[in-house]
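The following note sets out numbered points for a colleague who has the sequence and coordinates to hand. Please read each point against the model.

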Amino acid sequence: MAILSRSEAKRILDKVLKFSRANEASAQLAGSETGNIRYARNSVSTSGIVNDIELAVEARYGKKSGVATINEFSDASLEKVMRRAEELAKLSPENPEAMPTLGAQKYVSVDGYAKSTADITPDQRAKAAADSIIAAKEKKVVAAGYLEDERAFAAVATSKGLFGYHASTSANFTVTMRTEDGLGSGWAESDVTDFGTMNTGSTSSVAIDKAVLSQEARALEPGKYTVILEPNAVSGLVGYMMSGFDARNADEGRSFMSKKGGGNRIGEKMFDKRVHFYSDPADLNVPAQPWADNDFMRLERTDWIKDGVVKNLARNRYWAEQSKGEVVPEPNNLIMVGGDKSTEELIKNTRRGILVSRTWYIRMVDPQSMLLTGLTRDGTFYIENGKIKYPVKNFRFNESPVIMLNNIEDMGIPQRVGMWGMSAMIPALKVRDFTFSSLSDAV
């Protein structure tokens, strides 16, 4: 029962809302069937399937609201969960920032459901793991990986006539390869909507090559270097930056998007003119739920940065009313426009630099400048005269993605990566004067 059709979901939502005695009510129904397989030391350790479905109901009396959840859908259960939500609403304090429940919305059509992913079998998961493990054994390295696939639906409705339904599938595979002596490490990811396009053996080969090449790493002095950041290395930094694209934080002076003297930096050129970020739930490369999680506002194609200029900041309905600005919901995906070069071509055009496969353990240092610190991991290499010369020890970096996106020398072809709970299309970047502050002994 985890996956309901549009009509089945609507029937349950319509019925639970009819039980409402509150001034306003809304309901969210979501279900998923998630399969997984995990392996380590070249041997499968766990696998399983999880089915889940839940109904969340919100009742409102003016600015007071209460929420209750349930996973039973008989008439008695639906009435029970609505009564509980109403009871909690009456007991709750008023929320001064509460906004009225939304009426009907026209959501964009999203093609984000692939039959091959929805129909995946345990045998297919086992083969996916086997393809990775066999590749590892052939190269005498040790594999640890995780594959998770999901088919899911979400449906929303309000007492004012809103209804939305979205079905989706996804599959994410990550793998770490280590040399037997533990001195070389590589990592790779494949994130797709259609499991039929995933090749865990090919993805594993990328990680294997990084692991083998990263042995006997040499130490380089920390400092400013030209770097080539692969998409997964870029996404960690960019994810932090985009989390700061909030109008209220900016208007109240709590963000790198705050303007001196008050207000925000919408309309300012803050980045290299080639920088272009946008979100679009209907994008076929990274399809996403077409409404915002918090209040069901419809999502549309939205530019965040274009030609290096800040175009939009996320602004909920309350803050839009207070600041007399437009409502801009938070996105469910992110796309960065890139170039037409492969990572290999970026390396070939680099006289001296460092290739960074992945960034991790990133933490905020200063939100006013978006200064971040973190570590490189799973394959860091010195480039000389267009070729990878030798592996180098990992670095700690202290860098702001704002500065990074002003120092772009070249851009690669965007690739789909997982980023902050969403899928994103991110290119590799060649960046000058990237700051490495110290060495790390971690592999």
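1. Helix 4 (residues 122-138) and helix 5 (residues 200-213) pack at an angle of about 35°, and their axes are 8 Å apart. Helices (H or I, at least four residues) and strands (E, at least two) are DSSP runs, numbered from the N terminus. Axes are lines fitted to C-alpha atoms, for helices over the stretch in contact, and angles run from 0 to 180 degrees between N-to-C directions. The crossing of helix 4 and helix 5 is right-handed; a crossing is left-handed if the near helix is turned anticlockwise from the far one by less than a right angle, and right-handed if clockwise. Helix 4 contributes Ala128, Asp131, Ser132, Ala135 and Ala136 to the contact, and helix 5 contributes Thr200, Gly201, Ser204 and Ile208, where contact means heavy atoms within 4.5 Å. By class, four of these residues are nonpolar, four polar and one charged. Ala, Val, Leu, Ile, Met, Phe, Trp, Tyr, Cys and Pro count as nonpolar, Asp, Glu, Lys and Arg as charged, and the others, Gly among them, as polar.

2. On provenance, this is a predicted model, in which local features need pLDDT of at least 70 and side-chain atom pairs count only at pLDDT 80 or more, whereas totals for chains, interfaces and linings use all residues. Residues are numbered from 1 along each chain as its sequence is written, and side-chain values use heavy atoms, with hydrogens and water left out.

3. The crossing of helix 1 and helix 2 is right-handed. Ile12, Lys15, Val16 and Leu17 of helix 1 meet Asp75, Leu78, Val81 and Met82 of helix 2. This contact of helix 1 with helix 2 comprises six nonpolar, no polar and two charged residues.

4. Serine 26 is placed in strand 1 (residues 24-40). Is serine 26 buried or exposed? Serine 26 counts as buried because its relative accessibility is 7%; buried means under 20% relative accessible area, exposed over 50%, and partly exposed in between (1.4 Å probe, protein chains only). Leaving aside residues up to four places away in sequence, serine 26 touches Leu17, Ala56, Val57, Glu58, Thr101, Ala157, Thr158 and Phe296.

5. Phenylalanine 296, one of the residues touched by serine 26, is found in the loop between strand 8 (277-279) and strand 9 (302-306). Its phi is near 70°, a positive value in a residue other than glycine. At 4% relative accessibility, phenylalanine 296 counts as buried.

6. Methionine 241 belongs to helix 6 (residues 231-243) and, with 0% relative accessibility, is classed as buried. Apart from residues up to four places away in sequence, methionine 241 touches Phe256, Phe271, Phe277, Ile305, Met370, Pro401, Val402 and Leu405. The C-alpha atoms of methionine 241 and alanine 30 are separated by 30 Å, and the two residues are 211 residues apart along the chain.

7. Methionine 370, which is among the residues touched by methionine 241, lies in the loop between strand 12 (352-366) and strand 13 (371-384). Although methionine 370 is not a glycine, it has a positive phi of about 60°. Its relative accessibility of 3% makes methionine 370 buried.

8. Asparagine 172 is in strand 5 (residues 163-179) and is partly exposed, with a relative accessible area of 22%. Residues up to four places away in sequence being excluded, asparagine 172 touches Tyr146, Leu147, Glu148, Glu189, Ser190, Asp191 and Met198.

9. An unreviewed UniProt entry places the feature "domain: Metalloprotease TldD/E C-terminal" at residues 222-437; UniProt positions are given in the numbering used here, feature names are shortened, and annotations may be inferred rather than shown by experiment. The end C-alpha atoms of residues 222-437 lie 5 Å apart, and the span is 16% helix and 38% strand. Serine 437 is in strand 19 (residues 429-439) and, not counting residues up to four places away in sequence, touches Pro222, Arg396, Phe397 and Asn398.
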